[in-house]
Amino acid sequence: MSTEERGDDASEGLRCLVTGASGYVGGRLVPQLLEAGHRVRCLARSPEKLRDHPWAGAVETVRGDVTDPGSVGAAMRGIDVAYYLVHALGTGAGFEDTDREAARVFSEQARTAGVRRIVYLGGLTPRGVPEASLSPHLRSRAEVGRIFLAAPVPATVLRAAVVIGSGSASFEMLRYLTERLPVMVTPSWVHTRTQPIGVRDVLHYLVGSATMPDDVNRTFDIGGPDVLTYREMMRRYAVVAGLARRLIVPIPVLTPRLSSHWVGLVTPVPASLARPLTESLRHEVVCHEHDIARYVPDAPGRPLPFDAALALALRRVQEAQVSTRWSSAAVPGAPSDPLPTDPDWAGGSLYQDERELSVRASPRELWRVIEGIGGDNGWYSFPLAWTVRGLMDRFVGGVGLRRGRRDAEHLRVGDSLDFWRVEEIVPGHLLRLRAEMRLPGLAWLEMYAETEGDNRTRYRQRALFHPRGLLGHAYWWSVSPFHAVVFGGMARNIAATAANSTRSGSGPESTERG
């Protein structure tokens, strides 16, 4: 399809479709494409999750799923370059089948719509290792790349190993392992060589791939200038972060499954995500070419050395300027249903625990406490109960409490918040969280700040639970005796913190209170 047929003005750049815009890489790619002069359309299953991103007003957002030909086809209309940044990892035993089907749908709809190029970010695979010996994660990534390369639409398949950037799963795993364990008993994969790359360089190559010549249809290995073992990466992290030298003792009997649980206990990364990351480290994954530079030239000093990428990531964390995190994307298997507005939703039960308090504080002060909840600020009640609930969730493969917050003060729709996710936020008035811990049902927590007058504000808090089966009902009634302590204490302490902030003229100091 020609430029005239599309009605495009070449001066306006290319029309780019981005899938996975709510995820770690996709959420950072969108503003980079805009900065490069391109126009962006985002395909998302839940477009409302993109609503509060700083770039939301500059893009077109459409609802759809990469496994649905109709929604993908509609999203592809008039598109020049389609970015595929999604995967089905963690959705169950059939995730490879889902990835395969989604890639086929995407490539077929791209052909039908006349898309000029598909750009895919996959994983770097080891040379000389039979595909059957690869982890399911890497095997699926490799297969998706092959599907795109065999399709009629030219494809750029970028293959990266460990991505280093503030908020990335690989960085968080490295960071917490090194900071929390001065002495580490580690699996044998800490001696495996890999070639990390900074997220800034990944984004540079993704943006540059949009303008590759039409006859380019191939894979490109992308990595930084350093080839390191995981052990060396941990030691170099300690140096960059100003920590004492770490003692690392490898234990060969720690399998990827066992080590993923070990990572899940020590870091915010749950075992379900840690396992594919650790399995990918069993084999040496290093770049065997740097041909990408022929089409997307590197700036002087790029790609960034490992230490420089680490320093940038740490600075972003310390300055609370982490734009996206590994947990930005929805947790596979977590409930995605919006809050039911009808108490008899689906003909079933909807249990509620409601609390109301009049607070001697302005709406602004109360809202500051509400929006600052979670992470280091805690949940304002019975900290042991929250800790135990988080540990229980981690034990059964859930996310637990360690995900924390993307930003210490502000939230946006789609943010992960410990074992919750922000489903709705009306600044100054409403914060609605949806539970992503493992539960026999669906759960939400709402907090409201409502003006009363006379420098008083009404705080309303509502916990809701829609049980799934008899187990769900049993769960609610088994924990309801503790609600007075947990939810009642939470409401009282939030109100007290807001009132104290008003009297002292300072913000909430935080702490979970008994």
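Predicted model: local features only at pLDDT ≥ 70, side-chain atom pairs only at ≥ 80, totals over all residues.
Local features need pLDDT of at least 70 and side-chain atom pairs count only at pLDDT 80 or more, while totals for chains, interfaces and linings use all residues. Residues are numbered from 1 along each chain as its sequence is written, and side-chain values use heavy atoms, with hydrogens and water left out.

Me: How many salt bridges does the structure hold?
Reply: A salt bridge is a side-chain nitrogen of Lys or Arg within 4 Å of a carboxyl oxygen of Asp or Glu. One of them joins Arg462 and Glu446 at 2.9 Å, N to O. The total is 32.

Me: Is Glu365 buried or exposed?
Reply: Glu365 forms a salt bridge with Arg368. Buried means under 20% relative accessible area, exposed over 50%, and partly exposed in between (1.4 Å probe, protein chains only). Arg368, at 32%, is partly exposed. With a relative accessible area of 7%, Glu365 is buried.

Me: How many residues apart in sequence are the parts that Glu356 and Arg458 tie together?
Reply: The side chains of Glu356 and Arg458 meet in a salt bridge (3.2 Å, N to O). Strands (E, at least two residues) and helices (H or I, at least four) are DSSP runs, numbered from the N terminus. Glu356 lies in strand β14 and Arg458 in strand β19, so the parts tied together are apart in sequence by 102 residues.

Me: Which residues are linked with Arg462 in a network of salt bridges?
Reply: Arg462 in strand β19 pairs with Glu446 in strand β18, 16 residues apart. Both Arg462 and Glu446 are buried. The network links Arg462 with Arg421, Glu423, Arg432, Arg434, Glu436 and Glu446.
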